[in-house]
Structure formats: C-alpha cells, structure tokens
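Biologist: Could you put the model up and walk me through its side-chain contacts?

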Amino acid sequence: MLTLILLHFALAGLAPPLVRWAGRRAFFLLAMAPAAAAGWALYAWIGTEGPVAAAWRWIPDYRVVIALRLDELGTLMMLLAGGIGALVCVYCARYFEDDEPRLGAFAGTLIAFAGSMLGLVLADDLIVLYVFWELTTIFSFLLIGHRSTGRGARRSALQALLVTTVGGLAMLVGFILLGESAGTYRISELVAGPRASGGAVLPVALVLVLLGALTKSAIWPFSFWLPGAMAAPTPVSAYLHAAAMVKAGVYLVARLAPGYADVPLWRPVLMVLGSATMLLGGWRALRLYDLKLVLAHGTVSQLGFLLVLVGAGNRDTALAGTAMILAHALFKAPLFLVVGIVDHATGTRELRRLSGVGRAMPGVCAVAVLASVSMAALPPTYGFTSKEAAFQTLLDGTAVDRWALAATVVGSTLTTAYTLRFLWGAFARKPGREDTRVHAAGPLFLAAPAVLAVAGLVLGPLTRWEEPLFAGYAAAFPVSGDPYHLSFWHGVGTALALSGLAWVGGAALFWRREPLLRLQRRLAWPAAERAFGSVLLGLERLALQVTGTVQRGSLPVYLATALVVLLGGQIAVLIVDHPWPDGMAPRVWDSSAQAAVGLGVAAAAVLCVRTDRRMTAVAMAGLTGYGTAVLYVLYGAPDLALTQFSVETVSLVVFVLVLRRLPVRFDETVSRWRQAGHLPLGVATGVLTATLVWIAAAARTAAPAGPELAVETAHHGLKNVVATILVDLRAWDTLGESAVLVTAAAGVTSLIFLRVRAGPPPPPAVRRQKAGDHRVWSLSHGKFAHLRRLPSGAPEDHWLAAGKSLAPERRSVIFEVVARLTFHPMLVLSVYLLFCAENLPGGGFTAGLVAGLALVVRYLAGGRFELAEAAPVGAGFLTGLGLTVCAGTALGGLIGGTVLQSGTFHGELPPFGSFHLSSPVLFDTGVYLLVLGVVLDIVRALGGKIDRQAERGMERETERETGDQDESGEAAAGRAGAPGAAAEGRAP
C-alpha cells in the first residue's frame, strides 16, 4: 500500500520531464500509477479475506503511526480513485494540446493528488489521514487554479482553499480530542472498541470533525465553493468533483459512522444539512445555463443525498449509501467528461447557444444519455438499483429516516428535471436556432466517458455480484430485523412508486421550465458566494484597521511594547506564585576575574547607549559580546566561547557593511520624556532577566543531566559533550534551527535584492574581463582626480585574483597581502574545527563561521569581484547542499531504526591505517555547508549589492559634475568670443 502511494508521488515528480519529452502522450504513462492502485484493490478484494493492514512507527512518543488499512470501504474508494483517475489521464491525452502552458506541472499535480487521495482512504491513523487530507486540499488548489492567467480561476482556487482549509483545521482539533480522550489514534480501534465518555469532549470533537467533512464535501452552508471550482479544466472537475475530493467528506462520515452514529447530535446534523443540500442544489441547477454549472449544482445535491444515507447510522442505509457512492461516480464523471468534449467541439458550454449537437455527435450524445439515465435512476442502470435501495431502507427506518425520505423524493424529482434540462440543452435541436458547428471527437477522446457510462449500465443487472463488497462495510452496524439485500428488481412496491413519482414530477418540472424559471427569479436570494466575498472584504478591512493602529513603523515603540508586556506578565507571575528558592542566595561572582570582565561588559553597554556615533555603538556592542565569550572561557566552556567569538565577529562585519551607507551619527532626536521612560524600562528589564535566571537556576529539583550526558558521550568513545549533544543526542533541535537560520537569511537578503538574483556567478573569463574593465569605488574624477596622476616608484602588483577591479586609490597592499596569506589557513582551520569536534572544541557551526570569515576577508580586501573569485559557487547551492546533507543523514537513520539514529563505519585506509566515519560528523558537515552558504549570501547581499548601489550613485554624481563643467566651459567660450565679434563689427 505504501509502495503504491510512493509510486504516485515518484511519477508526479517525473511528470514535467515526461511531458517535455512526450507531450500530452505522457498521460498514458502517468495513468499506470492509478491503474495499478485500482488493479491491486481489485485483487485484494477478490484474492484476500479480511482487511489488509500495515503500520510503521512515525512519532512514537506521540503515538503517531503510519498505519494503512484496506477494508471494504477503502477498497470501494480505492477502485474509484484509481480507476477513474486512470481514465481521466487517458482523457487528458486528448483534451490538452502539446502547447498547453504548464502542462507538465498540471500532470504532476494531478498524479500527486491521486496519490494523496489514495493515502487518505487507506489511512488508519487520524493524524496520517489529516496529512493526506490537507495534501488533497493543496493539490486541488493548484489544479483549480491551473489556468492562473484568468482572474476567475485564481479566485475560485483561493475560495476552495480557504473553505476546505478552515474546515480541515477544525477537523484536526477534533481528531486530537478524539484520540486523546480514547487513548488511541487508530481509526479501526476508535470505531470498533468502546469509547471513553469524556463528558462534553466527545460531542465537541465530533462537531469539529463533521465541520471538516461538511466543508470538504460542499455541504450547505459551505456548498458555494464547488460551483466556483468549475473554473478548473474539465478533467479536474470530472475527477476531483465527481469521483475523488468531494467524496472525502462523505467517506469520513461513512468511516466514523459505525462507532459514533449513536451520539445524539450525529444524526440531526447530518440528516438536516444533507437534506437541505440536496434540495437547494437541485433547485439551483434548474436555473443555470452553463452545462458544467448545471452538473456542479447537481453534484452538490447528490452529495447531500449521500450524506443522508451514510450518516443515518444503520446497516441498511449504509449498504444503500455505499452503492450510491459507486453509482454517483459512474454517472457524474462521464457527464463532466462529455461536457469537456462538447466544449472542445463547439467552443461553448452555454446551453442557449447549443443546438443540434446530438445529431452532429451521435456517439457523444449516446454516452451522455446513458449516463443521464443512470443519474435519473431509470432501469436497468446501476443508478436505479442504488436509488431503489435508498428509498426502501429509509422507508423501513425511523421517523427521522422517513422525513429524510420525503426530502429525498423531492430531491430526486429535481434530479430528474435538471437531467432532462442538461440533455435538452446540450444535444437537442432548438426551434429558431441554427445547428451549432462542431468538429468531430476522436474515439480515444470518447473512450473514458464511454467506459464509465457502460459500467453504470452493466453493473445494474449484476448487483448481486458487487453486494459482498458493500455488505462487508455494512456489517459494522448492528442488524435489526431482516437485513436488506441489494437486487436489481424487488418487485412492485412503495419504493418503485416513489421512483415513478420522482420521474413524473421531474418531467413535469422540465415541461413547465419557463414558468418555473420565472418563479425562481422572483424567489432568488443573494448568492452565498457574494456573502463569502463580503465576509472576506470585512475581514480585510478589519485587518487593515488593526494593522494601522498597532503597526506604526517605529522600532522603539515595538520593542518597548514587547518589554512592557514581558515585565507585566512576569512580575504578575512572580507575585502570584512566589517561586523563590529556599535558602539559596544569589552569588554575584565566583572569582575576581569574572567580576572584572563583568564590570567591563557593563561599562561597554553603558557607553553603547550613551554614544551618538553609529560605529562607536557597534564597537561597544561587540565588546559586550566578546566579554560574554571571555566569561564562557572563565566558566570552562570553550565550545560556547569559540562560537560566541565567531558569531560576534560575523555580526560586527555585517554591521559595518550596513553602517557604511548610513550617516556617521544618529540623526534621530529623542525627547527628554522618552529618554526618561527608556532608562527605567531598560533597567527593569535587565533586573527582571537576571532575577529569572537566578530563579530558574536555583529551582532545580532533579539531578543535573550533565554527568549522564558525559557518560553517554564517553560510551561512544567521544570527549566533546557539547558537540555530541548538538549533532547526535539533540540533532532534531539542530536540524530545526538550521532550517530557521536558512529562512531568516533568505528573508533578509530578499529585502535587499528586490529583483531576482542571478544564480551562479559568471564564468572566470567573464569575471576577469569585468574585473579588468570596471573599477570598484573609483575616484578618478572630480576633486580627487589628481591622486591618479601622482608618480609611483614601484610597479602596481596585484596580490588578489581580482585585484585589478579595485581602484588604486582604494587599495591597501598590506591588507591584500594579509588576506592572501590568511585565506587558506583560515579554510584549513575551519576544516580542522569541523573534524575535531568529537574530542576538541569546534563543530560545524563554528567551522562554517570561520570559513565565512575567510571569505569576508577576501571581500574586504578586494571587493565584490574578489568575493566572486573566492567563492565560485552560489550561496543558494551551498545552503541547499547543507540542508540536503542534514536531511539525508537524518533519513539514513531509518536504515538502522529511527530517524537521526547515529551509526559508525569502521574501515582501513592503507596509507593512513584504520579510520572511522560516524553519521554525526556527516550531519555536522551539512551544518558547515549551510552556515557557510548563509554567511556568503549575507556578504553578497550587504556587500556586493550595496557596492553596486554606491558605484551607480558615484557614476551619477560624476556625470553631473562633467555636465556642469561642460556647461561652464561653453559659457566661458561664449563670453570670450563676444568682444572679438564686436570689434569685427566696428572695423569698417
């Protein structure tokens, strides 16, 4: 089962290159994945007895297991998702053209959706089901918005995403409540075993779960998103909105009904909302003119009908409900596909513009009639068999079931009416209108809807053959009296009479369609889609007002607000709880060296606040960081000290790169009352922080974990406890922090690079050409131009690869020599720190910072071209490679057990002897590459980008100076020529 799911996602990843290679014919290859799923489900149904189950531990501490289970209900849904998915892929091979924009992405998304739907119906764990549930939401959003150039497609995709995501989040809360109250997240155990009462928890949890199911299956009042989703291509409508996605909510209700149908609120919610949806959807379908919208509202109506059957909570209606799920897929999917053929052949779906299409396309018309007969529940189709079963089982049920039966009969009448309207609008010849021009559809184009429509006809008389599949699911409900059995013909009875009433009533409504249409227009109420838009607009306005009130653009205000909230909350907790340690007074210092360093740090902090120069403030802030690192050394924490020194140095460099584009002094003027407020706020925050640290350190009751960590580290033959914690014992934390670091760096640099950054730097030859042709920060014009004309007694040597790119007046030969002499030793030092971390201070993070500092030295000495020479690879490549190595090492632990489980390889290398390679070192190598990529990205952003901005500013200033000189020269020449001209005029 898991292999089939992974096969879908693997083919989804291969879809874009396959489409580029084979064009639309690639859909034939992609159809193999859903076809294999359907074939395996059929084999499991016929060749095995009982459910097929498999489980893999995912997050054991939280009882989350990748549990998959195939039973009768799962088999039915798998046959639909796989079989119809394969036929839709075949249909896509003729529906799209080879030049369709983003066809490869569409194909991959479609197959990925099929895999997600497969995982959803096989999941036997609530959390796993939710994961696949949300994957179907995301992929459906991408499929609906495939033609993103249209505003309607984007709006419909966003609407579907918002509605289903809100429901999904509510459902997740319900799942957690269910799992925690019952002590298990396994669906089969929740449904089969006795439930914990949990007081009011169970009803609340079920309401939240049902909210997710209602939004997914477009049940009123959430039914408006499904018709809007008809902006998607027709294959998407046929698959997602007839056979797969919208069935997910119905499937969830059917899955949980055996265990929770007797909860008091279950039946009222589902029976009332299902009946209302069936009536409103059918009524709405009678006044629309777009064929897809007619079918869409018909789908909403049928989904309400299905919800009534599977939510009734007894054995017979469950049997009828599963049969109706199959029947609905077999008649609604081919009708959507037929609409796509008609749209292709005529260029329109407007039934008022179509005329005589049935005579021009008799094959398409025959398939549509066959599927429509099943939708109207006429014999001998499977729709008739399932509708008869629904009527009879509701008739034999409780009083609530009979009220639902009345709504169902009215809904079936509406179904017959809009079925006739669909056939008449799509294929009939209309008086006073010329026949619509069509071009023929190929047999392969018609194959998919024809197979489904014929299946709906053939399975009607063969009802006894598939009944065991539905009866296996229905057996989970208690049996009362004689159980109902599916049959093609039950004789003349009340159910048949109700069917006849629905047929006659539907035909009458269609016959009187014009008066009915006028009545509908008079009774029309505002569309739910418009109400949804108004709600979104109101939320947007409220968000703007709140943002405008709170977000004033003042960093001091934001910081002061955060500190005030921190002070108020923590002081309130201290007053209420009195968490004071007994008999332990705080120690100010342990040695005179600590006191001296601490006073120095405090003095640097005071000077940082008092100075009005930006660079001085940065230097003082750096001193506080270096002083903290010295304190780490005094406390015997060399790893922390080394990391602090490296981080502080990189931070200082970043500050300098930014401050060189800012004024020397702080320009902001702060009033005295604000200064008076800042001082006590800062002092109070510092005192509170120190107090909290003292309380936290003194409140320890358990034995420290340090000795145990040291023993565990020594057990593996290592000495560096800190590095072992970071890359082995707490590697999950390091992996998450690495991802956060990459995200933060990408956000910072993206604020600087407003346009798309070019990926890799240009080739060396191009860089050398640029370096020779362009001077960085040149002062060869203006008042400093004479500096370039001064005689020089020594030749101009270049110690760096791109030394020619730096203007001579900006060069520092000493700095260039130092950069050249220290660059490679710093890189060697970084590699040493990386590999010695098992037993000595170091690690991937510190090593990456040291390597980054080596690149910073090259940049400061030679400019941005020198940085490009020193780092010929892109920062994004290094960052991505580092994350890949970390994630790959983490997943490699699955070979021996769980994610991030460490392992060691021992071997012999003849020149050097025995060696060992451990997975934590490989993980640390990924951290090294990641940190190096982040530093390189920041330096290129804050260095190279700002350099280019400065160069452009200087070029503009030079152009203005040159223009002013030219204008003054012309004016002087004019004044000099004027007396001569006058003299010539007086000469005669």
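Modeller: Here is a short talk through salt bridges, one histidine, the nonpolar cores and a surface patch. This is a predicted model, in which local features need pLDDT of at least 70 and side-chain atom pairs count only at pLDDT 80 or more, while totals for chains, interfaces and linings use all residues. Residues are numbered from 1 along each chain as its sequence is written, and side-chain values use heavy atoms, with hydrogens and water left out.

Biologist: How many salt bridges does a search of the whole structure find?

Modeller: The search finds eleven, where a salt bridge is a side-chain nitrogen of Lys or Arg within 4 Å of a carboxyl oxygen of Asp or Glu. One of them joins the side chains of Arg24 and Glu97, at 3.9 Å from N to O. That pair links distant parts of the chain, 73 residues apart, with Arg24 in the loop between helix 1 (2–22) and helix 2 (26–30) and Glu97 in the loop between helix 4 (72–95) and helix 5 (103–122). Helices here are DSSP runs of H or I with at least four residues, numbered from the N terminus.

Biologist: And is Arg24 buried or exposed?

Modeller: Arg24 counts as buried, at 19% relative accessibility, whereas Glu97 is partly exposed, with a relative accessible area of 42%. Buried means under 20% relative accessible area, exposed means over 50%, and partly exposed lies in between, using a 1.4 Å probe and protein chains only.

Biologist: Which residue forms a salt bridge with Asp316?

Modeller: Asp316 pairs with Arg315, and their closest N and O atoms are 3.1 Å apart. Asp316 is buried at 15% relative accessibility, and Arg315 is buried too, at 9%.

Biologist: What about Arg665, which partner does that one have?

Modeller: Arg665 forms a salt bridge with Asp612, with the closest N and O atoms 2.7 Å apart. Arg665 lies in the loop between helix 28 (638–659) and helix 29 (672–698) and Asp612 in the loop between helix 26 (592–610) and helix 27 (614–634), so this pair ties together parts that are 53 residues apart in sequence. Arg665 is partly exposed at 38%, and Asp612 is partly exposed at 39%.

Biologist: Changing topic, where is His328 found?

Modeller: His328 sits in helix 15 (residues 315–346) and is buried, at 0% relative accessibility. Its side chain makes a polar contact of 2.8 Å with the side chain of Lys247; a polar contact is a pair of N or O atoms within 3.5 Å, and within protein one must be able to donate a hydrogen and the other to accept it, while residues adjacent in sequence count only if both atoms are side-chain atoms.

Biologist: Then which residues have the most contacts inside the largest nonpolar core?

Modeller: They are Phe27, Trp225, Tyr239, Trp266 and Phe427, in a core of 186 residues. The largest share of this core, 20 residues, comes from helix 15. A nonpolar core is a set of buried Ala, Val, Leu, Ile, Met, Phe, Trp, Tyr and Cys residues joined through side-chain atoms within 4.5 Å. There is also a second, separate core of 45 residues, which includes Leu853, Val856, Ala875 and Leu942.

Biologist: Last one, which helix gives the largest share of the nonpolar patch?

Modeller: Helix 24 does, with six residues. Leu539, in helix 24, is one of the residues of this surface patch, along with others including Leu158 and Leu162, and together the patch has about 660 Å² of accessible area. Patches are made of residues with over 30% relative accessible area and no salt bridge, with like charges joined within 9 Å and nonpolar side chains (Val, Leu, Ile, Met, Phe, Trp, Tyr) within 5 Å, and accessible areas come from the Shrake-Rupley method with a 1.4 Å probe, where for residues only the protein chains shown count as cover.

Definitions and conventions: Helix = DSSP H or I, 4+ residues; strand = E, 2+ residues; numbered from the N terminus.
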